[in-house]
Amino acid sequence: SDQVTRGLCPLKEKCQNVFYFFVVAVVLLPSVMATATFGVSKYLTIMRSVSEQDKDVALMLVQVLAPLVAMLPVPPIFANILDNSCVFPGDGDCELYNHRAMTQDFYFGLIILIQVIIVFETLIFLRSKNFKLYG
């Protein structure tokens, strides 16, 4: 509707689907993925599978390059989201944003990112079945 009402959005209306989507997309999926990919198991796998002289370099690459490569595309992506949601451009900056379009673009990008990570995690799982970690 086109009316504004005071108070919280009732969960029994349109907001209920958004709330469940938020819980799944922003809380549950990243939590499940973080426990497998970014947890202690990553370091244990490196310590067991890399030769003794290369362990320092392997740990350094994981600690330095992985976050760096993960963070490089973030500023252009957020700049694109902000630019696309601008309704009234000002002198060098935006005076008015379409918050609904910004939210939809952000969550769409988040869903795409999570799906790409799930695809890569699945490929790693399928390709590592024959990997002999302990022997």
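Colleague: How many salt bridges does a search of the whole structure find?

Modeller: This is a predicted model, in which local features need pLDDT of at least 70 and side-chain atom pairs count only at pLDDT 80 or more, while totals for chains, interfaces and linings use all residues. Residues are numbered from 1 along each chain as its sequence is written, and side-chain values use heavy atoms, with hydrogens and water left out. A salt bridge requires a side-chain nitrogen of Lys or Arg within 4 Å of a carboxyl oxygen of Asp or Glu. Searched over the whole structure, the number of salt bridges is one.

Colleague: Which side chain meets Lys55 in a salt bridge?

Modeller: Side chains of opposite charge can pair when their charged atoms come close. Here the N to O distance is 3.4 Å, and the partner of Lys55 is Glu52.

Colleague: Is Lys55 buried or exposed?

Modeller: Buried means under 20% relative accessible area, exposed over 50%, and partly exposed in between (1.4 Å probe, protein chains only). Glu52 has 61% and is therefore exposed. The relative accessible area of Lys55 is 15%, so Lys55 is buried.

Colleague: Which residues is Lys55 in contact with, leaving aside its neighbours within four places in sequence?

Modeller: Contact means heavy atoms within 4.5 Å. With those neighbours set aside, the residues in contact with Lys55 are Met47 and Val50.

Colleague: Is Val64 buried, partly exposed or exposed?

Modeller: The relative accessible area of Val64 is 46%. Val64 is therefore partly exposed.
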